[in-house]
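Visitor: I'd like a close look at a single part of this protein, please. Could you pick one place where two elements meet and walk me through it?

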Amino acid sequence: MHRNDATKQFHSGDDRIAELIDESPAVDLPTPDTDVPMVSRSVRLPLETYERVRAAADARGIGVTTLMRQWIEAGLADLDDSATVSLADVRRALASLAHPTAA
């Protein structure tokens, strides 16, 4: 059925659209990666900023939204002094203390 025909049937209350839906094959939807309810929000970023975020996510082997969520959670944790710090960041900080660079 063509999309325009289906739209017309839907708006006219035609029962055939329900039959069409009933006859359609089942679709396997992806399983969410968390049991925690999530909210989707749109964020407008300059292209250059998005490309930097994407590159950072690729370097970590994770998705862009996962990295953005981690950064937001880290920022919020910093606000309430319950910050979680990655082991890599701790190692870098300790290494910089052991080998300070000249200013």
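Guide: Happy to! Contact here means heavy atoms within 4.5 Å. Please keep in mind that this is a predicted model. The part I'd pick is the meeting of helix α3 (residues 47-60) with helix α4 (residues 64-79). On the α3 side, the residues in contact are Tyr50, Val53, Arg54, Ala56, Ala57 and Arg60, and in α4 they meet Val64, Leu67, Met68 and Trp71. Sorted by class, this contact has eight nonpolar and two charged residues, with no polar ones.

Now for the geometry. Two packed helices are described by the angle between their axes and the distance between the axes. For α3 and α4, the axes come within 9 Å and cross at roughly 95°. An angle from 65 to 115 degrees counts as roughly perpendicular, and α3 and α4 are therefore roughly perpendicular to each other.

How far can you trust this region? Confidence in the protein is highest in α3, at a mean pLDDT of 96, and lowest in helix α2 (residues 16-23), at 70. For the protein overall the mean pLDDT is 81, with 86% of residues at 70 or more.

To place the pair in context, the protein has five helices and zero strands, giving the pattern α-α-α-α-α along the sequence. Of its 103 residues, 9% count as buried. The protein exposes about 9,600 Å², of which carbon and sulfur atoms supply 55%.

Note on methods: Residues numbered from 1 in each chain as written. Predicted model: local features only at pLDDT ≥ 70, side-chain atom pairs only at ≥ 80, totals over all residues. Heavy atoms only, no water. Helix = DSSP H or I, 4+ residues; strand = E, 2+ residues; numbered from the N terminus. Buried < 20%, exposed > 50% of the residue type's maximum accessible area, 1.4 Å probe, protein only. Areas by Shrake-Rupley, 256 points an atom, 1.4 Å probe, with all protein chains shown as cover. Axes fitted to C-alpha atoms, helices over the stretch in contact; angles between N-to-C directions. Parallel < 35°, antiparallel > 145°, perpendicular 65-115°, else oblique. Nonpolar A, V, L, I, M, F, W, Y, C, P; charged D, E, K, R; others polar. pLDDT = per-residue confidence, 0-100.
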